[in-house]
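Subject: Structure handover

Hello,

Here is the structure I said I would pass on. My notes on it follow below.

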Amino acid sequence: MSLGRVRFCNPIIMGIFWAIWVCPWLCLASPGNLHGNKRNMQWRRSSASKEILQCNVYDGEWVWDDSYPLYDSGNCPHIRKEFDCLKYGRPYKDYLKYRWQPKSCDLPRFDGKNFLTEFKGKKIMFIGDSVTLNHWQSLVCLLHSAAPQSEIVQYTNGSITTYTFQEFEVSVIIHQSMYLVDIDDEKIGRVLKLDSIKSGEIWKNMDVLVFNTWLWWYRKGEKQPWDYIQVGEEIVKDMDRMAAFQKALTTWANWVNEDIDPTTTKVIFTGISPSHYNGMDWNETKVTNCSRETEPVSGSTYPSGLPQALYAVKDVLKTITKPIHLLDITLLSQLRKDAHPSSYNAFRGMDCTHWCVAGLPDTWNLLLYTALQNWNSIHTTV
């Protein structure tokens, strides 16, 4: 397995570990702890060079790369009109030229043909809201660009859409579930049930599960798709939304602990995807949206810090006893104030929540693929 170019750590440390272990360790990535300190996920790698490298792939910065983007969005017929920025007239294209560069290693370039070959016969399901849809669309385009002649069979059943690359028997599936927990229609109205997950019977039959939820938890008024919240036997009109979010995540975590067979199913949770409507977050006090943003925030820190929701996610992940990986895309996405559709979508509305495809979600999928390739040796200590 080729991981591209790497940078060497202290040679003394390398010698000590080589003397002790038959196989050296190469360290990729893992989310930080609750106070922002980074932790590492490791996997074993057999290689002639016997290298050791400590690397957190989520700790880095965006650098210019003339070889980007990874594909031409004009050649991907599967992009929804919300995310197809170039088709809807985005004039500045520099956002396509940035590559995520970890501080301590180089990521391999996404290889869609290898992905399809490695996951032959597998089912990969994304579960979540429209940001998850954004993520799924990116992977479909990455794989289509690697095998443009491969027939794709599309099938939709309610909230689940499946794209199957027939030649490789790989299914990439999206299940649109905004809260992960259930919303049931009852006599009193639509009830958001924070301790109920019926869709788990579908999820547990997948080979890879990529979860996300956050975008809808603070929606109110006409945009709120429920009328009441239920926890156990108690039904209320509303409650603290962060508490509700964490309760729903706890229900999901309990489902993972009880129903997931880690020998057949890998579970990923994607971190909080940020929006960019408030320039104060990146020290531009007069800015009220992303419409004029043409380059990332420089460096490896974001002025406003990490969102509270990410800490809630990490708290819940600590309770999971099965193997799981946090795809910690929050900080690297916060830095990309330039990568949203803004008004370059079919609706001409100002969208600083979702992301252009091609664009930032391609990096999410590169990191996803890297984690999946090295799953058996991941250590998840939060």
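Are Cys290 and Cys352 buried or exposed? Both are buried. Please keep in mind throughout that this is a predicted model.

Disulfides

Cys290 and Cys352 are bonded to each other, with 2.1 Å between their sulfur atoms. The torsion about their S-S bond is about -90°, so this disulfide is left-handed. Cys290 sits in the loop between strand E14 (266–270) and helix H6 (308–317), and Cys352 in the loop between H7 and H8, so the bond ties together parts that are 62 residues apart in sequence.

A search of the whole structure gives four disulfides. Another of them is formed by Cys76 and Cys141, where the sulfur atoms are 2.1 Å apart. Its torsion about the S-S bond is -85°, and the link is left-handed. Cys76 belongs to the loop between strand E3 (60–64) and strand E4 (98–102), while Cys141 belongs to helix H3, so parts 65 residues apart in sequence are tied together. Cys76 and Cys141 are buried.

Cys85 is joined to Cys356, with an S to S distance of 2.0 Å. This link is left-handed too, at -95° about the S-S bond. It connects distant parts of the chain: Cys85 lies in the loop between E3 and E4, and Cys356, 271 residues away, in the loop between helix H7 (330–334) and helix H8 (360–373). Cys85 and Cys356 are both buried.

Counting bonded cysteines along the chain, the disulfide pattern is 1-4, 2-5, 3-8, 6-7.

Sheet and packed helices

Seven strands make up an open sheet with mixed pairing, in the order E6-E7-E8-E5-E11-E14-E15. Strand E6 (152–157) and strand E15 (325–327) are at the edges; each has a single partner strand, so one side of each has no neighbour in the sheet. From one strand to the next the twist averages 20°.

Phe269 has Leu326 in E15 as its bridge partner.

H3 touches strand E5 (123–128), E6, strand E7 (160–165), strand E8 (170–176), strand E11 (208–211), E14 and E15. The direction of H3 makes about 165° with that of E8. H8 also packs on the sheet, touching E5, E11, E14 and E15. The direction of H8 makes about 160° with that of E15.

Nonpolar cores

Which residues have the most contacts inside the largest nonpolar core? They are Phe110, Phe126, Val172 and Leu332, in a core of 63 residues. Helix H3 (residues 130–146) supplies the largest share of this core, eight residues. Apart from this core lies another of 40 residues, among them Ile160, Leu249, Leu310 and Ile324.

For Val172, I set aside the neighbours within four places in sequence. The residues then in contact with Val172 are Ile124, Phe126, Trp136, Leu139, Val140, Leu143, Thr161, Thr162, Tyr163 and Phe165.

Regards

How values were computed
Residues numbered from 1 in each chain as written. Predicted model: local features only at pLDDT ≥ 70, side-chain atom pairs only at ≥ 80, totals over all residues. Heavy atoms only, no water. Core = buried A, V, L, I, M, F, W, Y, C linked by side-chain atoms within 4.5 Å. Buried < 20%, exposed > 50% of the residue type's maximum accessible area, 1.4 Å probe, protein only. Helix = DSSP H or I, 4+ residues; strand = E, 2+ residues; numbered from the N terminus. Contact = heavy atoms within 4.5 Å. Disulfide = S-S within 2.5 Å. Pairing = 2+ DSSP bridges. Axes fitted to C-alpha atoms, helices over the stretch in contact; angles between N-to-C directions.
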